[in-house]
Structure formats: structure tokens, C-alpha cells
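Thanks, everyone, for making the time this morning. I would like to take you through one structure, beginning with a pair of helices and then moving on to a sheet.

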Amino acid sequence: MNRILIIGAGGVAKVTAYKCAMNTDVFGEIMIASRTKSKCDAIAADVKQDIGIAIHTAQVNADDVPALTTLLLDYKPKLVLNLALPYQDLTIMDACLAAGVHYLDTANYEPPNEAKFEYSWQWAYQERFQQAGLTAILGCGFDPGVTNVFTAYAAKHYFDEIHNLDIVDANAGSHGKAFATNFNPEINIREVTQKGKYWKDGSWVETAPHEIMKVLNYPDVGHKESYLIFHEELESLVKNFPTLRQARFWMTFSQEYLTHLRVIQNIGMASIIPIMYEGREIVPIQFLKAVLPNPGDLGENYTGQTSIGCRIRGIKNGQENTYYIWNNCHHADCYKETKSQAVSYTTGVPAMVGAKMFLQGHWVGSGVWNVEQFDPDPFLADLTLQGLPWHEQHNSDLEL
Ligand code: NDP
């Protein structure tokens with residue numbers, strides 16, 4: 001029987017808990033542990049009511065390696081699904097090594113006191129995981145995650161060499177709030193306010209934040225202003241697909257969203273530098289998170305859909321071809337199934353499918369892996385069955 005431990009009790013963890021509970025043939029026993037136990041209990045109560053499956057809960061501070069190691073040694077899960085924040089990646093990997101437990105996450109490590117994310121910190125665990133005979137699966141949400149698998153699928157089936165990759169991410173939904181982020185506000189605002197960066201002919205090209213914009217046409221969604229930003233999967237994809245000459249990431253933002261973001265930055269509320277307030281140290285962006293809507297609560301009145309995919313250009317048998325592979329996901333459908341919005345859903349479902357790939361023996365091997373290094377076929381076959389069907393188009397106009 002496979003026993004798993006989910007860490008974190010936010011929007012993404014809730015979806016993964018629901019989906020694991022819908023797959024009890026693979027996930028025989030589930031525990032959800034987080035900093036605030038009442039949030040774990042609330043998820044467990046929802047899952048019990050909607051799916052009829054009991055989930056164990058526990059309190060744990062994942063920054064505390066000895067405490068987390070004790071929990072792992074007591075509960076003895078086969079796999080940890082890290083759905084807390086990127087700040088916890090390294091301590092959770094340390095505890096997994098100490099307790100002999102396999103590891104999976106959806107976002108790469110980011111130091112709390114520096115708005116910078118890259119894989120170097122987690123790739124440095126390669127030898128330790130290899131020596132321990134353990135598997136660490138990195139970045140198994142939608143982007144990173146499904147977008148990496150889409151790229152691997154294209155490279156495996158349709159190209160001899162892929163040359164150009166454009167990952168396109170649209171959220172054409174409406175949650176009815178003046179301003180809200182769709183996942184953890186602190187992580188999200190740190191991500192979208194940093195400089196843009198893309199891969200071109202063997203090196204990184206930096207841009208000012210939101211300097212490059214193109215209007216792109218998304219299936220069933222229509223035309224949307226899409227901004228070039230840096231996104232973490234670009235780093236592993238250019239390493240694992242060295243034929244790539246150009247790799248970029250585009251995300252849609254409304255003018256309303258960008259205006260709020262500009263104001264937040266201009267008045268210093270996006271700052272990660274602690275300030276003293278009434279004798280107490282606070283971090284402005286953490287205070288901002290506390291007053292913004294909770295992303296996990298946006299689902300109920302959310303309308304519209306997300307559309308995320310990969311637009312790829314390359315050669316097959318000496319001829320240039322294009323390929324577009326994508327998923328569209330309706331916020332309202334996600335809410336009906338898991339009481340969550342589509343951004344949490346499109347992250348939480350792939351985390352469950354990745355865990356399933358590991359537990360069923362499709363994705364195995366000692367060491368630290370990005371998901372594009374595994375066989376994409378069983379993952380994509382199951383993704384459709386688990387609520388995220390995907391579509392493809394050959395030799396259409398990529399617009400890019
Ligand atoms: P939330 O902020 O909703 O949830 C984070 C959870 O982690 C909270 O329950 C929080 O506890 C818990 N947590 C934070 N610190 C600790 C700690 N030290 N110990 C134990 N638990 C802790 O975030 P989301 O659910 O929106 O996002 C979860 C992860 O998914 C993030 O890493 C995010 O970057 C990633 N993500 C990945 C995407 C992808 O496509 N790959 C897309 C969207 C998100 P508390 O409730 O007490 O604050």
C-alpha cells in the first residue's frame with residue numbers, strides 16, 4: 001500500500017488531496033501536514049464529505065528539519081509531495097534524505113531574502129539522492145510541469161531537433177475582485193515583477209520587466225496581451241534540449257492587473273526588505289499577502305478559463321515543422337469538482353499524476369530529475385483521464 005505525505009495546505013495542496021483521494025488504488029493512505037493544522041483539517045473534512053475518503057492530518061513546520069524528519073520516520077510515507085512554498089524545498093529535501101523518503105515538488109527553490117529562483121540549489125542534491133537510492137522529481141505542476149512534458153512529447157514524437165519554444169500562458173478568467181493573485185501572492189508578485197529573460201543562441205537575454213509584449217490568439221479564448229517574463233522551466237528545458245536556439249515564456253496580464261502591480265511596487269509594498277512598524281519587524285510583501293484575497297478562496301465565483309501550452313518550431317526529416325500543444329481549463333468546472341479555481345487545479349492535478357507515475361514505476365531512478373527527463377507518454381495519457389485533456393495542432397501559424 002502506498003502511503004504519501006502532502007506538505008502545505010493551500011490552494012494547490014487542496015486539489016492534490018482531492019485528486020489523490022479519487023485514486024485510492026494508487027494512493028492507499030494520505031496525510032496532509034502543514035504549518036497551520038486547522039487548514040489541513042478543513043481540507044480533510046471537504047474531501048471526506050465530497051469523496052468519502054478519510055485523510056490524516058498533522059502540524060509541521062517544514063523549515064524545521066528535525067521536526068519534519070521525526071514526522072516522516074513516524075508516518076513512513078513512500079513519497080512526500082511538497083506543496084508548501086519554494087522557501088521550504090531544501091529543508092524538505094534534507095528531511096527526505098534523513099528519513100529515506102522520495103520527493104516531488106511544483107516550484108524550484110527560492111531564498112526568502114532574495115527574489116531569485118533557479119535550479120542550482122536543488123540540482124546540487126543530485127549526488128546525495130543518488131547515493132541514498134532516492135528519487136526527487138522537480139517542478140511537477142503545470143508550468144513548470146506539464147509544459148516540460150509537452151516539450152518532451154513534441155521532441156519524442158514529432159521532431160528530430162526542436163529549435164524554438166514559446167510557452168504561452170493565458171488566464172482568461174474573472175474572479176470579480178479588483179486585484180488578486182491566483183497562487184501565493186508573495187511568490188507570484190516576486191515572479192512577475194522581476195526582469196524578463198529568454199534564451200537566444202546559447203545565452204540568456206535580459207529585458208526590463210514587461211518590456212516585450214505581443215498579442216497572441218489563444219484557442220477558445222481569443223486575443224490577449226501576452227508579456228515576456230522569465231519562468232523557471234526555461235532553465236531546465238534549454239539544458240535538457242540543447243538543440244533549442246530560442247526559448248521564451250509569455251503570460252497574459254490585463255492593464256488593470258499591471259496598474260495595480262505598478263502601484264504596489266511604486267509605494268514599496270512589493271519589497272522583501274524588512275522594515276520596523278510600531279516596534280515590530282515586518283516584510284512589506286508579507287503584509288500585503290495578509291490583506292489580499294486568499295487565492296484558494298477565489299474559486300466560487302470564478303468564470304472563464306485558462307489556456308496554457310507550448311508552441312514549437314523544429315525540423316523533422318530535414319523539413320521545418322510547427323507544433324502547438326495545449327490545455328484549456330474552466331474555473332467553474334474545477335470548482336464543481338474540487339472547490340478550487342483553475343490555477344490551483346492545473347497545478348494540483350499534475351502533482352498527483354507525477355506522484356502516480358513514480359508510484360506505478362513509470363518515472364523512477366535515483367537522483368534529482370526535471371520532469372522532461374522522464375517518458376512523457378504515460379503522464380499525458382493519465383493527465384487527460386484526470387481532468388486536464390490536451391489538444392494539438394500541426395503546422396499552424398504559431399504567431400511567434
Ligand atoms: P498557498 O500560499 O495557498 O499555500 C502554501 C501552503 O504552505 C500554506 O498552507 C502554508 O501554511 C504552507 N506553508 C508555508 N510555509 C510553511 C512551513 N514552513 N511549513 C509548513 N507549511 C508551510 O500556496 P499555493 O497553494 O498557491 O502554492 C503552493 C506551491 O505551488 C507554491 O510553491 C507555488 O509556487 C507552487 N505553484 C506552482 C505552479 C506550477 O504550475 N508549477 C503554479 C502555482 C503554484 P499557512 O497556511 O500556515 O500559511
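Are α1 and α13 parallel or oblique to each other? Please keep in mind, as we look at this, that the model is predicted. The axes of helix α1, residues 11-21, and helix α13, residues 342-359, come within 8 Å and cross at roughly 50 degrees, and α1 and α13 are therefore oblique to each other. The crossing of these two helices, α1 and α13, is right-handed. On the α1 side the contact is made by G11, V12, K14, V15, T16, K19 and C20, while α13 contributes S344, Y345, T347, G348, V349, A351 and M352. Sorted by class, the contact of α1 with α13 has seven nonpolar, five polar and two charged residues.

Let me turn now to the sheet. Seven strands form an open sheet, which you can follow in the order β3-β2-β1-β4-β5-β6-β17, and the pairing is parallel. At the edges are β3, residues 56-59, and β17, residues 367-370, each of which pairs on one side only. If we ignore direction, neighbouring strands of this sheet are turned by 20 degrees against each other on average.

Looking at one of these pairings in detail, strand β2, residues 29-34, runs parallel to β3 and is joined to β3 by four bridges, with M31 standing opposite H56 in β3.

Finally, helix α4, residues 89-99, lies across β1, β4, β5 and β6, and runs at about 165 degrees to β5.

Terms used
Residues are numbered from 1 along each chain as its sequence is written. This is a predicted model: local features need pLDDT of at least 70, side-chain atom pairs count only at pLDDT 80 or more; totals for chains, interfaces and linings use all residues. Axes are lines fitted to C-alpha atoms, for helices over the stretch in contact, and angles run from 0 to 180 degrees between N-to-C directions. Angles under 35 degrees count as roughly parallel, over 145 as roughly antiparallel, 65 to 115 as roughly perpendicular and the rest as oblique. A crossing is left-handed if the near helix is turned anticlockwise from the far one by less than a right angle, and right-handed if clockwise. Two residues are in contact if their C-beta atoms, placed from the backbone, lie within 7 Å. Ala, Val, Leu, Ile, Met, Phe, Trp, Tyr, Cys and Pro count as nonpolar, Asp, Glu, Lys and Arg as charged, and the others, Gly among them, as polar. Two strands pair if DSSP finds at least two bridges between them.
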